Amino acid sequence: MTSNEIRQSFLDFLESKQHTIVKSASLLPDAPNLLFTNAGMNQFVPIFLGQSNCPYQPGRAADTQKCIRAGGKHNDLEDVGADTYHHTFFEMLGNWSFGDYFKQEAIDWAWELLTGVWGFPKERLYATYFGGDDKGEADLEAKEMWLKYLPEERVVPGNRKDNFWMMGDTGPCGPCSELHVDLTPEGNCGAKMVNADSPQCIEIWNLVFIQFNADEQGNFNPLPACHVDTGMGFERACSIIQCTKGFTDFSGVISNYETDVFTPIFQTLEEMSGKKYGSSMTDPADIAFRVIADHIRCLGFSIADGILPSNEGRGYVLRRILRRAVRVGRALGFKDAFFYKLTDTLADTYGDAFPELRTNRDRVEKTLKAEEESFNRTLDRGIELFEQVVDGLEGKTFPADEAFKLYDTYGFPLDLTEVMARERGLAVDAEGFEKLMNEQRERARADYAAKKSVIMAETAGLDVKPTEFVGFQTLESEALVE
Ligand code: ATP
Ligand code: MG
Ligand code: MG
Ligand code: MG
């Protein structure tokens, strides 16, 4: 199955179970406290909170949701390139019940889709359930339901962090069950590995059973109507189906990047660079392939949704990600702007499922090109400075004033300098950097206040000697928090 067929078969399956198929919401979230849309359920929060009525009859919906996890509560940016199944941008397939069906159907249908429709081998699946703690009882209902399909040793209890979902400190919440897939060549990973965040046994689908309302006192009160919220990693599903040749061979590389979700981007990169992707986890060029392919999706989809790189908030998250991509491009031999040239591949590969990539193709390309060219002007000199500093360094700490110079003069976001330092076994003095940033903010405020008082004096008709205007310093925003 191609990735487009896999996505469609998910939606068709849920449609056959009376779900209304809805469109992915924008990556720009409605909620002010979110950086980016980061889960399928974001767009349904008002329904869960009872603030809007469920428009679906019956109360069921399914979709694929564009998600970005590169800041705030969910930040997978540092995993990108280093592993093969966490992305900044990914699609989350999901199905929901709004006071309609509950655990039994959610579990039965997840099982039917994975093993029946897609053909996942049963003996490679593990289900987890909330194992209980001092604050709440174990979800034995879910456990029992999984035991219908799986032997006891593959129904595994999990802790609150992994198996109890809350929207915030209060509000709708409940236990969740996750499906994990054993990817070891022999298929013998064992129950211990399930909750170990191992690439050998990855989480594919999370089924959340919203059955409580948490109040201010920390009580979990049963909800009058229960809901279901599920999320499955689309690229992960594709990797398991495609890389094992339809589950017949688990001996090769099983990686999201080895699916037709990513291969068109790799092909373009190979043509442009003359290098070949070799699937290595340590080779800098192979890491660069993965980072660039991940980051172009993040940037392209964001810009198409109207979120532009900038110096503030979510815009600065995008700028940082773009600058990382441009910098690792050096590992593939790119000297001139190259990143924007992936725009067409993006539109061609995902344009059927996400037409906004076609409609906004020009905007994506122009924005990327301008961003990239601007950073390219200082990148090489910045790298040179970085190397000089590292050569002359005693100890393991990259000094704050040099990191600040890289930031202020050469446009290196702190996290980029940190990545580069880490590659050399060094750590950046981030605290010192923050201090220098604060001093700069103070200077900018003082400049602004001085200029403002001159303007106010002038408009009041006072004769004052204007101070020299040195321009507004960029006010770096405090990152939005979730
Ligand atoms: P993980 O433990 O692997 O980081 P998660 O528990 O953070 O995943 P959920 O919040 O439960 O993920 O999201 C639902 C599903 O979305 C996951 O089961 C996984 O398949 C997929 N997913 C989560 N984060 C990513 C990511 N960064 N890139 C690709 N897929 C992801
Ligand atoms: Mg995670
Ligand atoms: Mg998890
Ligand atoms: Mg999860």
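**Helix packing and an enclosed strand in a predicted model**

In helix α9, R320, R323, R324 and R327 meet D415, L416 and V419 of α14. Contact here requires C-beta atoms, placed from the backbone, within 7 Å. By class, this contact of α9 with α14 has two nonpolar, no polar and five charged residues. Ala, Val, Leu, Ile, Met, Phe, Trp, Tyr, Cys and Pro count as nonpolar, Asp, Glu, Lys and Arg as charged, and the others, Gly among them, as polar.

The model is predicted: local features need pLDDT of at least 70 and side-chain atom pairs pLDDT 80 or more, while totals for chains, interfaces and linings use all residues. Residues are numbered from 1 along each chain as its sequence is written, and chains are lettered from A and ligands numbered from 1 in the order in which they are written.

Two packed helices are described by the angle between their axes and the distance between the axes. Helix α9 spans residues 313-328 and α14 residues 414-423; their axes come within 9 Å and cross at roughly 35°. Axes are lines fitted to C-alpha atoms, for helices over the stretch in contact, with angles from 0 to 180 degrees between N-to-C directions. Helices (H or I, at least four residues) and strands (E, at least two) are DSSP runs, numbered from the N terminus. The crossing of α9 and α14 is right-handed. A crossing is right-handed if the near helix is turned clockwise from the far one by less than a right angle, and left-handed if anticlockwise.

Helix α8 (residues 284-304) also packs on α9, at an angle of about 145° and with the axes 9 Å apart. This crossing of α8 and α9 is left-handed. Among the contact residues are V291, I292 and L299 of α8 and L318, I321 and L322 of α9. The contact of α8 with α9 comprises eleven nonpolar, two polar and one charged residues.

Strand β6 (residues 125-130) is largely enclosed by the rest of the structure, because six of its six residues are buried. Buried means 20 or more other C-beta atoms within 10 Å of the residue's own, these atoms being placed from the backbone. L125, A127 and Y129 cover one side of β6, and Y126, T128 and F130 the other.

Strand β6 runs antiparallel to β9 (residues 171-182), joined by three bridges. Strands pair if DSSP finds at least two bridges between them. Y126 stands opposite H180 in β9. With β7 (residues 155-158), β6 pairs in the parallel sense over four bridges. There, F130 has G158 as its bridge partner.

Note on methods. Contact = placed C-beta atoms within 7 Å. Buried ≥ 20, exposed ≤ 12 C-beta atoms within 10 Å, placed from the backbone.
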